Amino acid sequence: MDGRAPGPAAGCCGTAAYRRRRVISPSIANDPLWAAYRELAESHAIRSAWSTPLLSRKNGALLGV
């Protein structure tokens, strides 16, 4: 997912970065957040995922996920 833009439906990592809160997808096959990336995830046998944004304590800037 490296290089993909954060957004409201960008898998777990991109959505966590966009929302600035943890995102959990127990079933990628059924989660609308994964619609654009479902085939990629399934081709690597990824069935569920989670992501937590890393935010700066100093200014709240997004450092990563």
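At 32% relative accessibility, Cys13 counts as partly exposed, a label for residues between buried (under 20% relative accessible area) and exposed (over 50%), with a 1.4 Å probe and protein chains only. The model is a predicted one, in which local features need pLDDT of at least 70 and side-chain atom pairs count only at pLDDT 80 or more, while totals for chains, interfaces and linings use all residues. Residues are numbered from 1 along each chain as its sequence is written, and side-chain values use heavy atoms, with hydrogens and water left out.

What about disulfides, taken as pairs of cysteine sulfur atoms within 2.5 Å? A search of the whole structure turns up zero of them. Cys12 is in no disulfide, and the nearest cysteine sulfur to its own belongs to Cys13, 6.8 Å away. Looked at from Cys13, the closest cysteine sulfur is that of Cys12, and the 6.8 Å gap is too far for a bond.

Both cysteines turn up again around Ser51. This serine is found in strand S2, residues 49–51, and is buried, with a relative accessible area of 2%. Setting aside neighbours within four places in sequence, Ser51 is in contact with Cys12 and Cys13, and also with Ala16, Arg21, Arg22, Val23 and Val65; contact here means heavy atoms within 4.5 Å.

Zooming out, the chain has two helices and four strands, and the order along the sequence is α-β-α-β-β-β. These elements are DSSP runs numbered from the N terminus, with helices being H or I of at least four residues and strands being E of at least two. Of the contacts with a separation of 6 or more, 36% are accounted for by residues 24 or more positions apart.

As for overall dimensions, the C-alpha trace spans about 40 × 20 × 20 Å along its principal axes. The radius of gyration is 12 Å, which agrees with the value near 11 Å that a compact globule of 65 residues would have; the radius is taken over C-alpha atoms, and the globule rule is 2.2 Å times the number of residues to the power 0.38. Buried residues make up 31% of the 65 in the chain.

Terms used: A disulfide is a pair of cysteine sulfur atoms within 2.5 Å.
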